Amino acid sequence: MKKNKIIILKNGTDVFGKKIEILINEEIIEKISENIEEKEFLNKENVKIIDVEKKLIMPGIIDVHTHMREPGITYKEDFETGSEACAKGGITTFYDMPNTVPATTALENLLNKKELAGKKSIVNFGIHFGGSKNNNIDEIRKVLEKKEANTVKIFMNVTTGEMLIEDDEILKGIFENSELVLVHAENEMIDKAIALNQKYGKGLYVCHIPSADELKKVIEAKKNNKLNNEKHPIFAEVTPHHLFLNEKIRESNERNKMLLRMKPELRKKSDNEFLWKAINEGCIDTIGTDHAPHLIEEKMEKVTFGMPGVETSLALMLTAYNEGKIKLPVIQKLMCENPAEIMKIVRRGKLKEGYYADVIVVDTEKEWIAGVDDTLESKCGWTPYENWKLKGKNIMTIVNGEIVYEKGKINENAKKGKAIEFLK
């Protein structure tokens, strides 16, 4: 008879500073307590007892905004390398965006992408379906009816291929036939997205808001219960790069002028400050990385939008915590709890008995230099934060009860992650 595999994390601390110990039985968190008695588990082959020495224990990060480049652009990244980068950074679940080749705008393409991720990703994954300028509303209906996805991403500003939608009738149809609509919307397109959600939608998620002016539009809408209510909720996402980088940093040298380019573009230091203020006033719902890797030679050859982010997102936020900019419970809310709640993910995003054991152990005191003191897992092989001194680092990642990253190394024998389940 097969014995259950058990992991016990001893002597941890949670984000509120309280002692925490966790018993993981197979893939589930079975018990959370200040003290788990381990006597009955000693000297058993199937039990691993780990003293985390007062390190921080958190739920695994859920990053709802990544571009893993598979299928079609896998020389930049793929589900294997991207998921390993996630595991290193403390991300136990990522969502992939639909602008791949082919785009995830047909049910068949979605199923193919899920199959690829299931074979290659060592962390859990979700896939956002995409709206198309070629009017794929029948495909959206099919995907939602079959419960293969519960989110639709649309681009209302610049993008590649079939995904920039400018036809008002198609936009109306997408909002009418979708559950949660994620938008790349800048400037006046934010107003348009808010109006579409109020008239036709069931939920609006505004991705990667870069500036004070654009965030003010979303905050005002969130405060207006005619625009933001149970029937038509509005959610706001910001990225680490819009919190930590700005035009001045980008223009500081020739290398940065090429590397630090993304959509939406970086803004002013005053915009960084406004975004931080909004976080601490509870106006932001999630931190998404918009991880969008390109090889460095592509970035240096011509202006190419997008850059990697999953390996550094938590570390940057922990550095901000150490600088007094944000509290640990807020980091957990923005990066774990809220993403699970907004995306309606089943039994993930919290340290809770009966939930899947997606757990990370974090050294909040660890000082290190990005890109120098660590090995980059992303296929693109570079970070926009190279030579930055950071304080705080993920040191262990557990996905579905299995250690996939520990002591600076990926577990090469790790099982594959799972497609997330969402509330139907």
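Select helix H13 and note its buried residues: Leu 328, Ile 331, Gln 332, Leu 334, Met 335, Cys 336, Asn 338, Pro 339, Ala 340 and Ile 342. Buried here means under 20% relative accessible area, exposed means over 50%, and partly exposed lies in between, with a 1.4 Å probe and protein chains only. The labels H (H or I in DSSP, at least four residues) and E (strands, at least two) are DSSP runs numbered from the N terminus.

The structure is a predicted model, in which local features need pLDDT of at least 70 and side-chain atom pairs count only at pLDDT 80 or more, while totals for chains, interfaces and linings use all residues. Residues are numbered from 1 along each chain as its sequence is written, and side-chain values use heavy atoms, with hydrogens and water left out.

**Stop 1: along helix H13**

Keep residues 328–342 selected. The expected span of a helix is 1.5 Å times one less than its number of residues. The 15 residues of H13 should therefore span 21 Å, and the 20 Å between its end C-alpha atoms agrees with this. Now centre the view on Leu 334, where H13 has a kink of about 40 degrees. The bend at a residue is the angle between axes fitted to the seven residues ending there and the seven starting there. After H13, select Lys 344, which has a positive phi, near 60 degrees.

**Stop 2: the nonpolar core**

A nonpolar core is a set of buried Ala, Val, Leu, Ile, Met, Phe, Trp, Tyr and Cys residues joined through side-chain atoms within 4.5 Å. The largest one has 93 residues, and those touching the most other members are Ile 154, Val 183, Leu 243, Ile 279, Met 317, Ile 331 and Met 335. Helix H12 (residues 313–322) gives the largest share of this core, six residues. In soluble globular proteins, nonpolar side chains tend to be buried together.

Next, select Ile 154 and display its contacts, where contact means heavy atoms within 4.5 Å. Leaving out residues up to four places away in sequence, Ile 154 touches Gly 131, Ile 165, Leu 171, Ile 174, Phe 175, Val 181, Leu 182, Val 183 and His 184.

Move to Val 152, in strand E10 (residues 151–155). Is Val 152 buried or exposed? Val 152 is buried, because its relative accessible area is 1%. With residues up to four places away in sequence again left out, Val 152 touches Phe 129, Gly 130, Gly 131, Ile 140, Ile 174, Ser 178, Leu 180, Val 181 and Leu 182. A C-alpha to C-alpha distance drawn from Val 152 to Ile 165 gives 13 Å, for two residues 13 apart in sequence.

**Stop 3: aromatic rings**

Rings of Phe, Tyr and Trp (its six-membered ring) pair if their centres lie within 6.5 Å; planes under 30 degrees apart count as stacked, over 60 as edge-to-face and the rest as tilted. By this rule there are three aromatic pairs. Select Phe 79 and Phe 94: their ring centres are 6.1 Å apart and their planes lie at 20 degrees, so the pair is stacked. This pair links distant parts of the chain, since Phe 79 is in helix H1 (residues 79–89) and Phe 94, 15 residues away, is in strand E7 (residues 91–96). Both Phe 79 and Phe 94 are buried.

For an edge-to-face pair, select Tyr 385 and Trp 388, with 5.0 Å from centre to centre and 75 degrees between the planes. Tyr 385 is buried at 2% relative accessible area, whereas Trp 388 is partly exposed at 25%.

**Stop 4: charges over rings**

A charge sits over a ring if NZ of Lys or CZ of Arg is within 6 Å of the ring centre and within 35 degrees of the ring normal. Select Arg 347, which lies over the face of Tyr 356 at 4.6 Å from the ring centre. Then select Lys 393, which lies over the face of Trp 368 at 4.4 Å from the ring centre.

**Stop 5: loops and backbone details**

Go to the loop between strand E6 (61–66) and H1, where Pro 71 is found. The peptide bond from Glu 70 to Pro 71 is cis, with omega near 5 degrees. Arg 69 lies in this loop as well; although not a glycine, Arg 69 has a positive phi of about 70 degrees. Arg 69 is buried, with a relative accessible area of 9%.

Pro 102 is in the loop between E7 and helix H2 (107–120). The bond from Val 101 to Pro 102 is cis, with omega near 0 degrees.

Finish at Asn 135, in the loop between strand E9 (129–130) and helix H3 (137–145). Asn 135 is not a glycine, yet has a positive phi of about 60 degrees; its relative accessible area of 44% makes Asn 135 partly exposed.
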